[in-house]
Amino acid sequence: MKLSPDRLVSQLGQSLGALYVVHGDEPLLVSEAGDTIRQAARQQGFDEREILVSGQGFDWGAVFESTGTMSLFGTRKVVDLRIPNGKPGKEGGDALKQLAGTAPAQADDVITLITLPEVDWATRKTAWFAALEKQGVVVECNAPPREHLPRWIAMRLAAQQQDAAEEALAFIADHVEGNLLAAHQELQKLALLYPPGSLTLDQIRDAVLDVARYSVEHLRMALLEGNAARCARLLEGLEGEGTAAPLVLWTLANEVRTLARIQSAQHQGQPVSAAMKAERVFDDRRRNAVQKALKRLQPGAVRAALAHAARIDRIIKGLAPGDVWDECLRLSLRLCPKAG
């Protein structure tokens, strides 16, 4: 069973499974999901907790010793297995596959909670992860994309009996993007500063710090999605944080080259899906963004963008005049829909 974090509480209220797997790219949400499972287990009498952390030289037999035996004092327990690098290796993979194969559908005396970081596409195809997905309750805890961040903020505010208008939610999202832990802290601060009820934009402006973190990955997606305003904000933030200009150019140029190669493959009669696979575009969100960009951009525009990227490279190397960051912005804007 696959669940999103917001459905986890409902599932736990119905029944406790014997095997839970929590993974994702957002440490705050992964931690909260684990806490929610452990709390539900305690409420059902699973009073003991045993923590196992895999690493170099880890004895995977200890997992079966822990999950296969009752506590010395006869209490029910949670076996908290953490795999920090997400790569259990062959021995660990075999052990996890065996563990999944022997886990009951419902919790009896032992609940096994496995915590992983973000799981990449290759790991998702492994036999051990497929076995865990089949037998256990899998909770994927990824950071909400930018367009869903205001809704996520609104849900968090509602949980502390507060709300805000769309403009205020967008203001918070702009100032906490890419830093969900800081977003959580800023929302908790609002609960301390103001009573339950509606928050005004002025109140939020006075309280919320600019704790956004800008990454080239965010810029990559904004470019593909054609979000001109976000491209401009991200470039300004990356420049302010001292990000190396060659890295920013590489990110932009790499996406343009990917689009150019896919368009060339299409021209030769290849299916888009095959061309994207050849370009290693596997993530669902990126696939969707690439498809939208392909519909939006003509091959001539993509070729012109490649030439623009080459000119920016010459500016970086001191071979041509110009401001690198201004040109990166112009390159981004030429690949976004024109306003109006």
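**Figure 1. Arginine 280 in the loop between α14 and α15.** Arginine 280 is found in the loop that links α14 (272-278) with α15 (284-296); helices (H or I, at least four residues) and strands (E, at least two) are DSSP runs numbered from the N terminus. The model is predicted, so that local features need pLDDT of at least 70 and side-chain atom pairs count only at pLDDT 80 or more, while totals for chains, interfaces and linings use all residues. Residues are numbered from 1 along each chain as its sequence is written, and side-chain values use heavy atoms, with hydrogens and water left out. Although arginine 280 is not a glycine, its phi is positive, at about 60 degrees. With a relative accessible area of 55%, arginine 280 is exposed (buried means under 20% relative accessible area, exposed over 50%, partly exposed in between; 1.4 Å probe, protein chains only).

**Figure 2. Glutamine 161 in the loop between α7 and β7.** Glutamine 161 lies in the loop between α7 (149-159) and β7 (162-164). This residue is not a glycine, yet glutamine 161 has a positive phi of about 60 degrees. Its relative accessibility of 57% makes glutamine 161 count as exposed.

Figure 3. Six of the six residues of β5 (residues 110-115) are buried. Val110, Thr112 and Ile114 point one way from the strand, and Ile111, Leu113 and Thr115 point the other way. In a regular strand the side chains alternate between the two faces of the sheet. Strand β2 (residues 19-23) pairs with β5 in the parallel sense over four bridges, where pairing requires that DSSP finds at least two bridges between the strands. In this pair, leucine 19 stands opposite threonine 112. Strand β4 (residues 77-82) also runs parallel to β5, joined by six bridges, and aspartate 80 stands opposite leucine 113. From β4 the chain crosses through helix α4 (residues 89-102) to β5 in a right-handed β-α-β crossover (with the strands pointing away from the viewer, the path from the first strand over the helix to the second runs clockwise).

Figure 4. The 14 residues of α4 should span 20 Å at 1.5 Å a residue, and the end C-alpha atoms are 20 Å apart, which agrees; the expected span is 1.5 Å times one less than the number of residues. Gly92, Gly93, Ala95, Leu96, Leu99 and Ala100 are the buried residues of α4. Seen down the helix axis, these buried residues fall within an arc of 165 degrees, so they line one face of α4; the arc is that of the directions from the helix axis to the C-beta atoms. The face turned away from the buried side carries the exposed residues Lys90, Glu91, Gly101 and Thr102. Cover for the buried residues of α4 includes β2, α3 (61-68), β4, β5 and α6 (127-135), contact meaning heavy atoms within 4.5 Å.
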